[in-house]
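Please examine the following structure with attention to its nonpolar cores and its aromatic rings.

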Amino acid sequence: MKLPMIMDTGSQLVWTQCAPCTACVAQKAALFTPSASSSYRTLPCSTSYCQSLSGKCAATASAECMYTYSYASQATTQGTLGTDRLTFSDVSNGGAASAVDIAFGCGYSNHGDYGGAAGLVGMGQSSLSLPSQMGPSIGGRKFSYCLLPQPSTASTRLVIGGLAGQSASAGMSFTPMIANPYIVASLYYINVVGFSVANQRLSLPAGIFDINQQGAGGMILDSGTTYTYIPKDAFSVIKQ
């Protein structure tokens, strides 16, 4: 079956709504039914994937991994962590289908606004994210995609693996990702040095975009966030 999903660089968990649902939001496709899949398997608490999540498994290590995952938007998903075979178009093999075993959440109690999507695809840096799980078999944890203008009826291709960096044109510019040295995070940070308006560099407080020693601050790239958020002291200067 095909499921419309949201690609989220700001989270780690891949999950979809599953039947039978105790609390599910409206989606544009049928619910995934684990019992109807011959290749679906639940994961026990002892697995590293389960242990990378918080708030689960109060029972024995062999029990099914129960998860609770929340987002900054207050959206949540609760369910069971399992694995199944996901089919992808393999661009390195002329577009032929390629099946990979992926650990994902089967959400039976979900809350939030997902715009009709069946769930989220976590693209962060942790071991549970889709690039991390697929990386060893497809040439690395790289991915690339093109942001389309909205509204748009067109589609674009998400490329994961070794080929992700080969589609760059000569006219593209790059900036390095940076890590948050004070916390273990799956988020992607960039080093913002300033803002310009009408080609005029603005005078902003020094270090306003730095990551502090508590791990707060910094600038995150998040495809699952609707707006750009910046500190108040910087916003007031840009607004003026």
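Y114 touches I6, W15, V25, A75, T76 and L120, leaving aside residues up to four places away in sequence; contact means heavy atoms within 4.5 Å. The model is predicted, so local features need pLDDT of at least 70 and side-chain atom pairs count only at pLDDT 80 or more, whereas totals for chains, interfaces and linings use all residues. Residues are numbered from 1 along each chain as its sequence is written, and side-chain values use heavy atoms, without hydrogens and water.

Y114 also belongs to the largest nonpolar core, which has 18 residues; L13, W15, L53, L81 and Y114 have the most contacts inside it. A nonpolar core is a set of buried Ala, Val, Leu, Ile, Met, Phe, Trp, Tyr and Cys residues joined through side-chain atoms within 4.5 Å. Buried means under 20% relative accessible area, exposed over 50% and partly exposed in between, with a 1.4 Å probe and protein chains only. Apart from this core lies another, of 14 residues, among them F32, F104, V121 and I160.

Rings of Phe, Tyr and Trp (its six-membered ring) pair if their centres lie within 6.5 Å; planes under 30 degrees apart count as stacked, over 60 as edge-to-face and the rest as tilted. By this rule there are eight aromatic pairs. The ring centres of W15 and Y114 are 5.3 Å apart and their planes stand at 80°, so this pair is edge-to-face. Both W15 and Y114 are buried. Y227 and Y229 form another edge-to-face pair, with 6.5 Å between centres and 85° between planes. Y227 counts as exposed because its relative accessibility is 58%, and Y229 counts as exposed at 60%.
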